[in-house]
Amino acid sequence: MSRRAYSEINFHITWHTKGNLPLIKPQIEAKLYRFLREKMSETPETFVHAVGGVENHIHIAVSVSPNVQPAEWIGKLKGGSSYYINLSAGRKMLE
């Protein structure tokens with residue numbers, strides 16, 4: 001068996017907005033995708049292939065190290081993105 005092994009896990013992740021509502025508006029779309037890319041890049045050995053979606057769901061294509069625990073990692077992405085967008089929306093209401 002080779003001592004030099006390489007492995008990765010490739011995911012196509014999708015999730016919908018709460019209630020499947022059309023909440024991803026053009027004015028937040030770029031900020032949301034940028035946030036997700038930055039958040040994923042914080043995980044070592046992660047390569048983001050694509051981030052996109054439509055008004056009611058997000059698609060992510062990513063390669064991660066086998067050390068990543070998928071359920072926990074994806075949960076943090078979903079929760080973090082929701083918090084970030086809601087915080088941004090709250091700031092705009094105060095302006």
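Trainee: Is Asn 56 buried or exposed?

Mentor: The model is predicted. Asn 56 has a relative accessible area of 17%. The cut-off for buried is under 20%. So Asn 56 counts as buried.

Trainee: Which side chain makes a polar contact with the side chain of Asn 56?

Mentor: Start with the location. Asn 56 sits in the loop between β2 (47–54) and β3 (57–64). Beyond four places in sequence, its contacts include Trp 15, Asn 20 and Pro 22. The polar contact, at 2.9 Å, is with the side chain of His 57.

Trainee: The structure holds one aromatic pair. Are the rings of Phe 35 and Tyr 84 stacked or edge-to-face?

Mentor: The ring centres of Phe 35 and Tyr 84 are 4.6 Å apart. Their planes meet at 10°. Planes under 30 degrees apart count as stacked. So this pair is stacked.

Trainee: How many residues apart are Phe 35 and Tyr 84?

Mentor: The pair links distant parts of the chain. Phe 35 lies in helix α1 (residues 26–41), and Tyr 84 in helix α2 (residues 70–94). Their separation is 49 residues.

Trainee: Which element supplies the largest share of the largest nonpolar core?

Mentor: That core has 19 residues, with Leu 36 and Trp 73 among those with the most contacts inside it. β1 (9–16), α1, β2, β3 and α2 each supply at least two residues. The largest share, five residues, comes from α1.

Technical notes:
Residues are numbered from 1 along each chain as its sequence is written. This is a predicted model: local features need pLDDT of at least 70, side-chain atom pairs count only at pLDDT 80 or more; totals for chains, interfaces and linings use all residues. Side-chain values use heavy atoms; hydrogens and water are left out. Helices (H or I, at least four residues) and strands (E, at least two) are DSSP runs, numbered from the N terminus. Buried means under 20% relative accessible area, exposed over 50%, partly exposed in between (1.4 Å probe, protein chains only). A polar contact is a pair of N or O atoms within 3.5 Å; within protein, one must be able to donate a hydrogen and the other to accept it, and residues adjacent in sequence count only if both atoms are side-chain atoms. Contact means heavy atoms within 4.5 Å. Rings of Phe, Tyr and Trp (its six-membered ring) pair if their centres lie within 6.5 Å; planes under 30 degrees apart count as stacked, over 60 as edge-to-face and the rest as tilted. A nonpolar core is a set of buried Ala, Val, Leu, Ile, Met, Phe, Trp, Tyr and Cys residues joined through side-chain atoms within 4.5 Å.
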